[in-house]
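Please examine the sequence and the structure shown here before reading further.

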Amino acid sequence: MFIEPGNTITYSLYAPLDFAHGMSVEESYELCDFWLVEALRALGLNVRFAGLNDIATQYGKLGPSLIKLSE
């Protein structure tokens with residue numbers, strides 16, 4: 001979803017409840033955001049996981065992730 005004004009791109013992931021079974025909350029965020037971090041790195045951006053659910057660059061926080069697990 002693209003949101004103006006600020007040229008924000010946001011996304012949501014919905015996954016089955018057992019998708020992250022046995023993982024910590026932090027591990028589940030990294031699992032769900034792995035594709036995005038790898039795609040941004042492939043574009044030449046220096047990104048990393050930071051905090052509980054943030055993706056950061058050398059310029060600061062890129063944004064938090066929101067993940068909904070449901071049955």
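The paragraphs below treat the overall layout, the core, one hairpin, and the surface in turn.

This is a predicted model, in which local features need pLDDT of at least 70 and side-chain atom pairs count only at pLDDT 80 or more, while totals for chains, interfaces and linings use all residues. Residues are numbered from 1 along each chain as its sequence is written, and side-chain values use heavy atoms, with hydrogens and water left out.

The chain contains 1 helix and 7 strands; here helices (H or I, at least four residues) and strands (E, at least two) are DSSP runs numbered from the N terminus. Their order along the sequence is β-β-β-α-β-β-β-β. Among the 71 residues of the chain, 24% are buried, where buried means under 20% relative accessible area, exposed means over 50%, and partly exposed lies in between (1.4 Å probe, protein chains only). The chain exposes about 5,300 Å², and carbon and sulfur atoms supply 59% of that area. Such areas come from the Shrake-Rupley method with a 1.4 Å probe, and for residues only the protein chains shown count as cover. Of the contacts (heavy atoms within 4.5 Å) with a separation of 6 or more, 36% are between residues 24 or more positions apart.

Which residues make up the largest nonpolar core? This core consists of Leu-36, Val-37, Leu-40, Val-47 and Ile-55. A nonpolar core is a set of buried Ala, Val, Leu, Ile, Met, Phe, Trp, Tyr and Cys residues joined through side-chain atoms within 4.5 Å. Helix H1, residues 25-42, gives the most to the core, with 3 residues. When neighbours within four places in sequence are left aside, Val-47 is in contact with Val-37, Leu-40, Arg-41, Ile-55, Ala-56 and Thr-57.

Strand S4 (residues 47-50) and strand S5 (residues 54-57) run antiparallel and are joined by 4 bridges; two strands pair if DSSP finds at least two bridges between them. They form a hairpin with 3 residues between them, and Gly-51 in the turn has a positive phi of about 65°. Ala-50, in strand S4, stands opposite Asp-54 in S5. Ala-50 counts as partly exposed because its relative accessible area is 22%. Leu-52 belongs to the loop between S4 and S5, and it is partly exposed at 46% relative accessibility. Beyond its neighbours within four places in sequence, Leu-52 is in contact with Val-25, Glu-26 and Tyr-29. The C-alpha atoms of Leu-52 and Ser-28 are 9.9 Å apart, although these residues are separated by 24 positions along the chain.

Side chains of opposite charge can pair when their charged atoms come close. The chain has 1 salt bridge, defined as a side-chain nitrogen of Lys or Arg within 4 Å of a carboxyl oxygen of Asp or Glu. The salt bridge links the side chains of Glu-38 and Arg-41, with 3.1 Å from N to O. Both residues lie in helix H1, 3 residues apart, or about one turn of the helix. Glu-38 is partly exposed at 34% relative accessibility, and Arg-41 is likewise partly exposed at 39%.

A nonpolar patch on the surface is formed by Phe-19, Met-23 and Leu-31, which together have about 240 Å² of accessible area. Patches are made of residues with over 30% relative accessible area and no salt bridge; like charges are joined within 9 Å, and nonpolar side chains (Val, Leu, Ile, Met, Phe, Trp, Tyr) within 5 Å. Met-23 lies in the loop between strand S3 (13-16) and H1, and it counts as partly exposed because its relative accessibility is 35%.
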